[in-house]
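Let's take a walk through this fold, starting with the overall picture and then zooming in on a few helices and side chains. Keep the viewer open as you read.

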Amino acid sequence: MKAKAWVFLTLANLFWAGNLIFGKSVTTDFPPIWASFLRWAIAAAVLIPMAQLAEKPNWLKVWRSNWRILLFLSLAGVVVYTLLTYTALQYTSSTNGSLINSLTPAVITVLSLLFLKGKMTRLQGVGLALSFIGVLTVLTKGHLLGVFSTHYNQGDGIMLLSVFLWAIYSIVSKRAQHLPPITFVAITALIGVICMVPLLFIHPLHTGSITAFGMIGVIYLGLFPSIGSFLFWNKGVKELGPAMASITMNLMPIFTAILSLMVGQKLLVSQIVGGVIVIAGMLLSANLTVRTASAKLQPKRRAG
């Protein structure tokens with residue numbers, strides 16, 4: 001059963017890596033707001049009947065009891081985060097985006113320390129510092145000493161902003177853990193789609209520029225990262241626990257690099273070096289987290 005859980009988690013990260021690859025391609029055919037809208041419209045159309053069949057929620061009751069948190073999480077995680085990600089991919093590479101995204105667990109840890117009074121060991125701090133150095137290696141193209149003089153890609157900056165937003169979303173979403181999981185994503189997707197409708201008129205869609213590959217990309221975004229990754233991730237977390245599952249997030253930069261090479265994109269040496277440093281740092285932090293979690297689960301010996 002645990003082997004199946006690892007497969008589920010691996011597939012979840014593979015689909016998320018594909019989100020960055022297809023997301024970059026899709027934004028050449030669709031403005032970011034349209035890419036975001038279509039992605040979540042497809043997801044909502046599938047998730048709502050899925051939730052009804054699997055969880056049979058009282059939709060009106062769920063909304064009335066949780067509308068504030070649902071509205072916030074929808075705006076933060078569905079509308080703004082997705083829009084920032086696809087906007088960033090118009091200016092930066094999918095590989096850079098994946099490596100910057102891999103900072104998410106580190107940012108969540110830091111924000112938890114600041115606002116939730118969490119704890120962190122020295123070695124975990126070393127791991128997080130390594131991750132930041134790895135990302136800086138990518139952003140500065142290996143010239144760390146020129147960190148303050150480097151002309152940064154605006155897409156990298158937007159992606160960093162999206163990482164902080166997703167970290168906030170992840171922390172706040174703990175307040176919605178009592179909701180049925182498919183219902184929760186279905187409602188936030190639907191709210192997000194409704195909120196994005198007025199923005200569609202600001203950026204009109206030019207249908208003449210849409211290609212068949214762009215349409216396939218949109219369908220992929222709606223089905224695999226939005227639904228497939230979510231379902232596989234939750235199955236894996238349920239079996240292995242969140243601490244163990246978080247280790248697999250280090251696979252996303254690797255998958256993104258492989259997929260980038262498959263579609264003809266080139267990798268810079270600084271991206272490879274920075275990626276290795278990021279993954280090493282996150283593995284160090286994740287391994288310590290798993291050990292700590294496992295130690296807490298061990299039964300205490302009785303005295304005498």
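Start with the contacts: among those in the protein between residues at least 6 apart in sequence, 89% join residues at least 24 apart, where a contact means heavy atoms within 4.5 Å. Bear in mind that this is a predicted model, in which local features need pLDDT of at least 70 and side-chain atom pairs count only at pLDDT 80 or more, while totals for chains, interfaces and linings use all residues. Residues are numbered from 1 along each chain as its sequence is written, and side-chain values use heavy atoms, with hydrogens and water left out.

Of the 304 residues, 46% are buried; buried means under 20% relative accessible area, exposed means over 50%, and partly exposed is in between, all with a 1.4 Å probe and protein chains only.

Now look inside. The largest nonpolar core holds 57 residues, and Trp40, Leu47, Leu70, Phe184 and Met196 touch the most other members. A nonpolar core here is a set of buried Ala, Val, Leu, Ile, Met, Phe, Trp, Tyr and Cys residues joined through side-chain atoms within 4.5 Å. Two or more residues each come from helices H1 (2-26), H2 (32-54), H3 (59-88), H5 (104-115), H6 (122-139), H7 (154-172), H8 (181-200) and H9 (212-240). The largest share, 11 residues, is from H3. Apart from this core lies another, of 5 residues, among them Ala5, Ala12, Trp233 and Leu240.

H3 passes H8 in a right-handed crossing: a crossing is right-handed if the near helix is turned clockwise from the far one by less than a right angle, and left-handed if anticlockwise. On the H3 side you'll find residues including Trp59, Trp63, Leu70 and Val78, which meet H8 residues including Phe184, Ile187, Cys195 and Met196. The contact divides into 16 nonpolar, 4 polar and no charged residues; Ala, Val, Leu, Ile, Met, Phe, Trp, Tyr, Cys and Pro count as nonpolar, Asp, Glu, Lys and Arg as charged, and the others, Gly among them, as polar. Leaving aside neighbours within four places in sequence, Phe184 is in contact with Leu70, Leu73, Tyr169, Ala176 and Leu179.

Which residues join H4 and H7? Asn96, Gly97, Ile100 and Asn101 of H4 meet Asp156, Met159, Leu160 and Val163 of H7. The axes of H4 (residues 94-101) and H7 come within 9 Å and cross at roughly 30 degrees, again in a right-handed crossing. By class, this contact has 4 nonpolar, 3 polar and 1 charged residues.

Val163 is buried, at 1% relative accessible area, and, neighbours within four places aside, is in contact with Ile100, Asn101, Leu103, Thr104 and Val107.

Over in H1 sits Leu20, buried with a relative accessible area of 1%. Not counting residues up to four places away in sequence, Leu20 touches Thr85, Leu89, Ser94, Gly97, Ser98, Asn101 and Thr256. Its C-alpha atom is 9.6 Å from that of Ser260, 240 residues away along the chain.

Last stop: Lys56, in the loop between H2 and H3. Its phi is near 45 degrees, a positive value in a residue other than glycine. Lys56 counts as exposed because its relative accessible area is 60%.

Note on methods. Helix = DSSP H or I, 4+ residues; strand = E, 2+ residues; numbered from the N terminus. Axes fitted to C-alpha atoms, helices over the stretch in contact; angles between N-to-C directions.
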